[in-house]
Amino acid sequence: METSVESRSNLADVTHGFLPGAGQITVALIGQPNCGKSTIFNHVVGYRSETANFPGSTVEVSRGQVRLNGYILQLLDVPGIYSLTSSNPAEASAKQLLLSSGVDLIINVVDAALLSRSLELTLELRELGVPMVVCLNMTDDAERKGIAISAEKLSRRLGLTVLETVASRGRGIRELFSPATLCSAGPASVAPVWSRDVEDAVREVETALTSDREESNLSNRFVAVKLLESDSDLTGAADAHATEVSDNARRRLESMRGRSADSVVMAERHDEAMRIFEEVAVVGRPRADIRFILDSALTHPVWGYAFLAAIFVGFFWVVFRLGSALERGLQPALAMSATQLFARVPAGGLIEVMLRSLWDGFAGGASIVIPYLVPFLFGLAFLEDVGYLPRLAYLSDGLLHRIGLHGTSVLPFILGYGCSVPACMATRILPSRRDRFIASVLATLVPCSARSNVIFALVAFYRGPGWALGVFCFNGLVVVLSGWILTRIWPEVSPGMVLEVPRYQIPAAKVMTRKVWLRLREFVVLSWPLLIAGSVILGLAEHWHWDHAINMALSPLTRVLGLPLAVGTTLVFGVLRKELSMVMLVQALGTTEVARVMTTGQILAFTIFITFYIPCLATIAALVKEIGRKMTMVSIGYSLVVATLLGVATRLVFASF
Amino acid sequence: MTGPHSAPQEPKTSVNSEEYVTYLDRAPRSEWVEVLDMPRGRSATRVLGQVGVCVNQKLRVLSTAPLGGPVLVDANGTTVAIGRSLAKRIKVRLTRGA
């Protein structure tokens with residue numbers, strides 16, 4: 001009887017016949033959330049996958065290709081999964097990848113500081129029968145917690161190669177990807193031993209499967225266990241006879257144990273993982289750690305909220321101070337350069353219009369966008385990497401539940417302060433479809449770094465940081481109210497929050513810099529050229545008086561918002577990229593001294609409208625992918641109505657003073 | 001095993017220890033509890049089980065957020081925030097050291 005485990009070729013066989021460039025092996029990094037998969041991935045292929053210290057930071061498979069020691073390695077960074085029974089779309093995509101035959105080798109990344117729990121997934125993966133290596137990551141954290149693990153004993157116990165790493169410091173990565181390690185991978189030679197009644201049920205189903213599954217790439221034991229667990233993804237893997245046998249075995253097991261078969265299997269894995277942990281690890285006294293005291297304060301029922309407010313006020317204050325200092329420093333230098341540059345250009349001609357527009361687009365990006373964007377992205381990267389965001393989710397769950405949302409929704413919202421695109425994608429960590437839709441809509445209302453830039457460069461720069469903070473607070477209030485409205489339009493009992501809160505980590509400067517560059521590069525290579533092109537188009541439109549037609553077409557909107565007529569064109573550019581609306585505003589008004597031509601009410605009405613109206617094109621594309629075309633239209637319509645109403649309200653409030 | 005707030009020790013047990021049964025949302029801060037029963041429904045049991053909250057598991061209550069917010073527990077070294085609606089349905093035995 002040849003089982004499908006045996007039909008899987010050992011990786012050594014795969015790599016033996018490999019000549020450089022002749023082919024590739026596909027290696028998947030699999031592990032529980034927040035165990036360091038993306039950090040390892042980035043070490044090997046360069047920084048391509050965004051990392052952060054919270055579970056669910058990777059929501060789709062990232063791919064990278066490297067040539068290592070003469071063979072081509074296609075490395076996959078797979079979203080974190082707790083088990084092979086998916087509970088959200090991100091986990092489902094990871095599971096689908098594993099169930100397909102496209103993976104030659106699994107590197108199971110295990111958080112050494114959470115070994116017993118992490119081993120539950122290892123045991124499940126082992127049943128797949130795919131060649132596998134265990135990467136025991138974060139061993140420094142385990143030592144700090146007083147846990148001493150014998151990798152050798154663990155390797156013997158699992159029947160798999162086990163390597164220790166500290167991925168955040170690059171320790172052990174070279175050894176992990178050495179040919180010796182990769183070629184040592186093979187399907188586990190040690191079979192799991194569960195309680196007799198469970199083993200009997202598994203073997204019974206396994207036997208029923210054997211006759212008709214020789215073509216399948218999944219091991220019979222894995223399919224048998226999944227059938228007992230009533231896994232809907234595997235029900236099609238068995239014929240009528242095997243299904244009947246598994247149904248009977250499941251019913252018998254449930255009547256014997258008095259609970260569902262899947263919880264029985266889960267308990268068996270849990271027990272086995274605990275047994276292995278006790279055999280391979282020694283738990284001693286943990287080292288004194290300031291993080292314990294810090295966490296006690298930051299999650300305190302009262303002080304936690306005081307710290308939360310202080311952290312966010314401090315964050316925006318630092319961004320504004322640094323941003324405005326940079327802006328003030330850059331503007332005179334750029335103005336002087338412009339004077340020298342255009343001294344020899346004949347005035348009034350088409351060439352001057354084009355050159356000036358080019359320069360305005362470039363200088364706008366350099367002096368208005370970059371100064372605020374860089375400190376903002378560093379601040380956000382710090383909060384992400386230090387591990388504060390899950391604490392924020394914990395603190396805000398009560399409030400979010402009151403408006404009918406899942407507490408984990410706060411993670412996409414916070415990511416939304418960076419960029420709305422990953423924020424929409426991050427909604428995949430939510431279990432309910434309705435929650436994913438509402439969180440996506442709300443995430444697009446959160447001011448992304450581009451819109452924050454408008455707030456900083458317009459409201460904070462011309463009216464002071466207090467006004468800008470007021471805009472951010474007002475935005476938060478509108479997001480909460482919108483959530484309240486949307487959850488009443490689409491009522492549903494939100495499932496209770498279950499969120500793993502990771503340990504604090506000291507962010508590595510190199511990783512943070514790479515992450516900031518990855519995000520900044522999007523502005524430099526995508527938005528900045530668009531900004532310069534937009535500036536040229538606007539300059540030409542003004543030169544040939546076409547802008548008048550656009551402004552007239554948009555005059556009902558600008559009139560109702562109480563804005564100058566010339567602002568109309570900037571609103572159109574804002575749909576392409578939000579930064580454009582700020583830079584275009586300067587160009588449309590013909591001065592950088594915006595406060596001289598616009599009143600406080602007009603500045604605020606413009607900012608409020610820009611903050612809430614139609615998401616940028618990239619976000620619209622992400623929304624279509626996540627929630628579909630119809631719901632994206634609903635989202636766009638909603639944001640437009642909210643932006644117009646709030647813009648008009650702002651105008652009326654300031655007109656009454 | 002350790003939690004995030006202090007260097008926790010295994011719960012003390014003695015012949016004098018006072019034990020009583022309650023639900024997780026009512027368990028006092030810093031106390032050790034043992035899970036006796038989980039919420040009905042496969043989905044909740046599975047998701048909680050994945051992060052180490054299952055029957056017979058010892059948990060340490062770290063904090064409870066106000067406004068009906070979640071309960072923060074240490075489950076075998078993993079810190080988990082459990083929404084109040086779920087915590088209300090997790091039956092636990094509280095063990096107070098003598």
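What follows is a short exchange on the contact between the chains and on paired strands.

Author: This is a predicted model, in which local features need pLDDT of at least 70, side-chain atom pairs count only at pLDDT 80 or more, and totals for chains, interfaces and linings use all residues. Residues are numbered from 1 along each chain as its sequence is written, and chains are lettered from A and ligands numbered from 1 in the order in which they are written.

Reader: How many residues does the contact take from chain A and from chain B?

Author: Two residues are in contact if their C-beta atoms, placed from the backbone, lie within 7 Å. The contact takes 37 residues from chain B and, from chain A, 40.

Reader: Which element gives the largest share of the side of chain A that touches chain B?

Author: Helices (H or I, at least four residues) and strands (E, at least two) are DSSP runs, numbered from the N terminus. Elements that each supply at least two residues of this side include α5 (115–126), α13 (261–280) and β9 (498–501) of chain A. The largest share, seven residues, belongs to α17(A).

Reader: Which residue of β5(B) is the bridge partner of Leu499(A)?

Author: Two strands pair if DSSP finds at least two bridges between them. β9(A) and β5 (residues 78–82) of chain B run antiparallel and are joined by four bridges. In β5(B), the partner of Leu499(A) is Ala81(B).
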